[in-house]
Amino acid sequence: MKTLKEIINYSKEFVDDNLSFEEIKWLLLDTFSLQEYQLISLKEKEFDDEEYLKKLKLAKKIPVSYLLNYQIFFGYKFYVDNNVLIPRNETEELVQHVLNYIFDNNYKNIKILEIGTGSGCIAISLKKELDKRNINSFILAVDISQKALEIAKKNAFDNNANIDFILSDCLDNVTNDDFDIVVSNPPYINKDNYVSKRVLDNEPHLALFAEDKGLAIYKKIFLQIKKFSFLKAVFFEISPDLKSNLENIKNIYLPQFHSQYLLDINKYVRFAIYLKY
Ligand SMILES: C[S@@+](CC[C@H](N)C(=O)[O-])C[C@H]1O[C@@H](n2cnc3c(N)ncnc32)[C@H](O)[C@@H]1O
């Protein structure tokens, strides 16, 4: 048994390049079922810290999201394990861009296709937020990984979100072609680029890397959506170094669409938005 103050003190020694204090604090709060303010008000209270210390040691190698099997994204709780990418903050920004577009254009009915859904975080957050605004939406989400799809389905059920899911390599198994919006955060890391050991050792490589210097999935998506006659907007999360290549590819497949490349909160070019107007 140790006081909370003692536990917090030794926890701080675990902070390094891979493990932030924020992540440790989350592990601590979750393990002891505490609210943040209680870190101060209960600092002299004693806890059995055996399990916590085991998890803390593991957290040096395994992301806390996988240890706790969840991640909060856009205010919703998503089950995650190492079959799906851990939803990132940047991707919440992608969801917000899609929502802003729908709200700004006053759509009351919208058909959305998400490619590479992973945990389902994009599709499910969109569905929940559109439901809140009474906007009718049909959302189809695809992934090439059966295990990821099972997790996405579980998350849709747990969050009470009505999404259609299909196992598909990009759009190979998709028969509908009447989508208004396509959104994707595909695998986009060039295999030659640096990736931290923590990500490399834990997250699914299928979710991270793409052939053709990171462009392969975007190219396939462009090729498959160019025939979508109702398509009004495409939203991609991208790696900053892909911007000029993507612009060239977009000009070939969707020449009538106007491009916007937007920065994320860390000032990296992270979002490619193509709009028909
Ligand atoms: C970067 S993750 C994104 C996951 C989730 N949408 C998110 O933003 O957190 C990319 C996802 O694309 C899937 N994927 C990879 N190649 C694919 C393909 N050819 N067709 C469909 N999905 C693919 C992976 O299995 C993975 O779930």
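## Helix α8 and F157

F157 lies in helix α8, which covers residues 146–158. Is F157 buried or exposed? With a relative accessible area of 71%, F157 is exposed. F157 and I124 are 33 residues apart in sequence, and their C-alpha atoms are 9.7 Å apart in space.

The model described here is predicted. The sections below move from the whole protein to its cysteines, then to one helix and a few single residues.

## Overall form

The protein contains 12 helices and 11 strands. Its C-alpha trace spans about 65 × 45 × 35 Å along the principal axes. The radius of gyration is 21 Å, which agrees with the value near 19 Å that a compact globule of 277 residues would have.

Residues 24 or more positions apart make up 70% of the contacts in the protein with a separation of 6 or more.

## Surface and charge

How many of the 277 residues count as buried, as a percentage? The share is 51%. The protein exposes about 13,900 Å², and carbon and sulfur atoms supply 50% of that area.

The protein has 36 positive and 40 negative charges. The mean position of the positive charges and that of the negative charges are 2 Å apart.

## Cysteines

How many disulfides does a search of the whole structure find? The search finds 0. For C121, the reason is distance: the closest cysteine sulfur, in C170, is 17 Å from the sulfur of C121, which is too far for a bond. C170 likewise is in no disulfide, the nearest cysteine sulfur being that of C121, 17 Å away.

C121 has a relative accessible area of 7% and is buried. C170 is buried too, with a relative accessible area of 5%. C170 is found in the loop that runs between β7 (164–167) and β8 (181–184). The phi angle of C170 is near 45°, a positive value in a residue other than glycine.

## Helix α2 and its cover

Helix α2 consists of residues 21–31. Which residues of helix α2 are buried? They are E23, I24, K25, L27, L28 and L29. In general, an α-helix has 3.6 residues a turn, so residues three or four places apart point the same way.

The buried residues of α2 are covered by elements that include α1 (4–12), α3 (38–41), α4 (50–58), α5 (64–68) and α9 (197–202). Just after α2 comes S33, with a positive phi of about 50°.

E44 is found in the loop between α3 and β2 (46–47). At 54% relative accessibility, E44 counts as exposed, because the cut-off for that class is over 50%. Apart from neighbours within four places in sequence, E44 is in contact with T3 and K5. Between E44 and N82, which are 38 residues apart along the chain, the C-alpha separation is 36 Å.

K57 is found in helix α4. K57 is exposed, with a relative accessible area of 52%. Between K57 and S11 there are 46 positions in sequence, and the C-alpha distance is 9.7 Å.

## Two loop residues

Where is F74 found? F74 is in the loop between β3 (71–73) and β4 (76–78). F74 counts as buried at 18% relative accessibility, because buried means under 20%. The phi of F74 is near 50°, a positive value in a residue other than glycine.

D212 lies in the loop between α10 (205–208) and α11 (216–225). At 38% relative accessibility, D212 counts as partly exposed. D212 and K191 are 21 residues apart along the chain, and their C-alpha atoms are separated by 9.0 Å.

How values were computed. Residues numbered from 1 in each chain as written. Predicted model: local features only at pLDDT ≥ 70, side-chain atom pairs only at ≥ 80, totals over all residues. Heavy atoms only, no water. Helix = DSSP H or I, 4+ residues; strand = E, 2+ residues; numbered from the N terminus. Rg over C-alpha atoms; globule rule 2.2 N^0.38 Å. Buried < 20%, exposed > 50% of the residue type's maximum accessible area, 1.4 Å probe, protein only. Contact = heavy atoms within 4.5 Å. Areas by Shrake-Rupley, 256 points an atom, 1.4 Å probe, with all protein chains shown as cover. Lys, Arg positive; Asp, Glu negative; His and termini not counted. Charge placed at Lys NZ, Arg CZ, Asp CG, Glu CD. Disulfide = S-S within 2.5 Å.
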